[in-house]
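Biologist: I would like to learn how to read a model like this one. Can we take the features one by one?

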Amino acid sequence: MITNINRRRHARLLGTVISSAIMVAAVPAITWAQDTSSDAAEVDSLEEIVVTGFRSSLQAALSAKRDSVGSVDAIMAEDIADFPDLNLAESLQRIPGVSIRREAGEGRNITVRGLGPQFTRVRVNGMEGLGTSGGTDSSGGANRSRQFDFNIFASELFNSLIVHKTAEASIDEGALGATVDLNTGRPFSYDGETIVVSAQGLYNDLSDKISPRASALYSNTWNDKTVGLLLAVSYSQRDILEEGASTVRWQNNDFASCSGCASDADFAAVNAAYHPRIPRYGRLSHDQERLGINAALQFAPGENTEIVIEGLYGSLKGTRQEQFLEALIRNNEDEMDVVDYAIDNGKLVSGTFNNAFIRVENRLDELETDFYQVTATIEHDFSDRFRADALLGTSKSKFDNPVQTTIIFDARADSYSYDYSADENLPSFDYGFNVTDPGAFEYTEFRDRPNHADNSFDTLQFNLEYDLSDELSVTMGGNWKKYEFDVAEARRDDQVADVLGASVPVTASLAGLLDGFGSGLDLPAGVDTSWIDPNIDAGAALVDLYNLPATPRSGDIRNVKEEDLGGYIQLNIDTQFGEMPFRANAGVRVVETKLESTGILSGETVVVENSYTDVLPAFNAALNVTEDFIVRGSYSKVMSRPSLGSLTPGGSIGVFGDPTLSFGNPDLAPFKADAFDVSFEWYFAEEALFSVSGFYKKIDSFIARISEDNIPFDTLGLPCSLLDASPIEGQCNTPFTVTRNVNGNGGNLKGFEVIFQTPFSWWDGFLGNMGVTTNYTYVTSEVNYAAPGEADDLGQLVGLSENAYNVTLYYEDEKFSARFAGSYRDDFLIQYPDRLVEGGFSLDFSASYALTENLDVTVEAVNLTDTKFNQRHLVEDGSIDLPYVYHHTGRNVIFGARYKF
């Protein structure tokens, strides 16, 4: 179903992009063929061309790719403290096979070759880390899994992103999809004293606000470049509005009556049709403050030794306010009368109702993420043949959501109506009364759900390399990692009547007014663009909310501790087959994982231990068929550890009647896959590449949730004390009906990538300063989501977009640089099988002009197309496609200046 939608919408556009790339490629091919006829004297007399700016970053990235043995792609900084994009995830989406998912209009996490963020491992300065931030409920909420949130970091702190798409024995385990390296700057990379400062303003056309951005870098070396210091600071604010419609899914519960139905059969059809649970319009205000600090000390106490101590701090603080005007149809159908209706393809696309529940709500989240990392590395050459390096590091990511408060006003209405028939994304609502009148509402309900998610890593690793000969070397090493994850949530959710004895009529002191809603949305005529808005502070004070006891939510209190001990050995080859240079590495990594999972099971804290060992071989080879044509091939066994939420032993146990147990499963085995990769790369000119690569992964299993009868309790790894003070106390072999996560069936993933990039250097004048870089990725998968022993349930991987491409057209001369960058991805699932995000195309622009040798002025525009976030709800095996969330965040324009001393 996803494939058919994508093909209908984008086949012609995709064909145009590919055809254009082929036509562009054809022109330089003829010219370069003619150039090769020049004699050696002419070639030697040519003046060397030195590229800078965006072209230099492309050239450096190509060099990294060309020199690697496995499949590697990279993004490099254009200049000192000058990364190509404002956000690291936005940059990563330019890499073939990488797609991003946005939160509040900004890239948050990535999918690589169809495998989602939980299967991608991220290292910061060589050390595995895990950055966590908060999100809206429709986007999954706070990050409580292994995925990495890139929006924590300011891009100005980094000078390279490297994506390893194939595994090597020398690269730590943990990635089923890819390993991403984020690298900050070091002082020895620069010549002497370097100072760079920049200042910008970010304007969002929806919020109509300007927010500041600023960064500074200082780097210097002393004593003949044996001591160096680098300090970098980046600060930014974002004031973003997000507006649109949502439904909180659809359902088909029975209504109380249908005065508009002609017969019982018509009433049955109304009840069978899907209706929106909470049809609404809403505004989300995102106010963020981001601070990043990077420091590096670099020493070279001798010619053969280098020591680097690096510290990185990232802070993302802010508030998010969610203000909705809605009808609470969910679970209130049994009190509503259907007066009029229309059904289309199983959907109740319009309806008029008596005794409808109308609600306004205002939710405030205070959000804070702090990331800390300190690493120390040492490299030493014992001789020309023997080298060693070591890394010691620690990192912490602390996410805190101390305030998650919602104040709710309710009203009853006759003649409430909704209509999705003209535009399902932007429906028409009529509430039947004045929604700006406080007197029409009562203060009925409040919620507060403070929560946190903390992650920490400690790492020690070393590597030894010995040259057996000029063509052979052996690398070996080991690493130890200790990881801890801790999450908790408590709730203060209650009815006002339960606290104060009755609901409270809304007065002006309890409510404000939201107005001006709907800019840029082309709303239907007559839709309310103003409504009363609950005052968070006044509503909380009236019930003394923050002094009420918070009840721990046992299902969201869990802890995981992992300790990994691994080692590897790898043989490296650099030789020739005839006249063809050949490079390869082959090795094996062995890693033992020890796991301690803690959860709450029926009020009792339960701790379960588990361990497993993985043997992971890897082979990579690169053959230079000619100087400019490289063939690569790779095979590896890869693994990713289970998601953190799946591992909890927490849940519920029933010991009266037929014994039942529902929990996670701390005994889950990791995801494993056999991965194959082959690529053909033609570096047909300076700064140019045409390549085609194919990949295939055979994945052993995915986690499924099953219910099984007659499982003896003492086989589950849980303490027998859980049965104390029950009718079956001490009877630990009692059979239970158990619902739990298990390692289920597997699946496969396959696809190919095409890359084409070149400067237009064969043209004279203006066109000769231009160039293009483009790539296209096709990925498909078939995964069996069924539990073992059940009928097959075949579907696509969550997070996978079948088609994705990027196109960047750039211009660069000595003073002026500009580029348009477009990215597209197909529809993708975010929850199997019923939640999908519609794909789309986004276009960005950036330009800079050198007023002097040291001073540049810059302008950038992000999301010029104002691409909408369109999330869908799929029912009836995907045959009915329903709107879920349709929001937009507007366009961002960033203007400023950059000065390099």
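Modeller: We can start with the cysteines. If the bonded cysteines of the protein chain are numbered in sequence order, they pair 1-2, 3-4. This is a predicted model, in which local features need pLDDT of at least 70 and side-chain atom pairs pLDDT 80 or more, while totals for chains, interfaces and linings use all residues. Residues are numbered from 1 along each chain as its sequence is written, and side-chain values use heavy atoms, with hydrogens and water left out.

Biologist: How many disulfides are counted by this rule?

Modeller: In general, a disulfide is a covalent bond between the sulfur atoms of two cysteines. Here the rule asks for a pair of cysteine sulfur atoms within 2.5 Å, and the count comes to two. One joins C258 to C261, with S to S 1.9 Å. The torsion about the S-S bond of C258 and C261 is about 80°, so this disulfide is right-handed.

Biologist: And which hand has the link of C720 and C732?

Modeller: That link is left-handed, with -70° about the S-S bond. C720 and C732 both lie in the loop between strand 37 (703-712) and strand 38 (735-743), so the pair ties together parts that are 12 residues apart in sequence. The sulfur atoms of C720 and C732 are 1.5 Å apart.

Biologist: Is C720 buried or partly exposed?

Modeller: Buried means under 20% relative accessible area, exposed over 50%, and partly exposed in between, with a 1.4 Å probe and protein chains only. C720 is partly exposed at 29%, whereas C732 is buried at 17%.

Biologist: What is the order of the open sheet of five strands?

Modeller: The order is 1-6-7-4-5, with mixed pairing. Strand 1 (72-76) and strand 5 (127-128) are at the edges with a single partner strand each, so one side of each has no neighbour in the sheet. Within this sheet, strand 6 (residues 158-164) and strand 7 (residues 178-184) pair in the antiparallel sense over six bridges.

Biologist: Which residues touch the most other members of the largest nonpolar core?

Modeller: A nonpolar core is a set of buried Ala, Val, Leu, Ile, Met, Phe, Trp, Tyr and Cys residues joined through side-chain atoms within 4.5 Å. The largest has 54 residues, and F353, I358, F409, Y416 and Y443 touch the most other members. Apart from it lies another core of 35 residues, including I75 and V122.

Biologist: What does P759 touch?

Modeller: Contact means heavy atoms within 4.5 Å. Not counting residues up to four places away in sequence, P759 touches several residues, among them R55, E686 and Y810. P759 lies in strand 39 (residues 747-759) and is buried at 2%.

Technical notes:
Helix = DSSP H or I, 4+ residues; strand = E, 2+ residues; numbered from the N terminus. Pairing = 2+ DSSP bridges.
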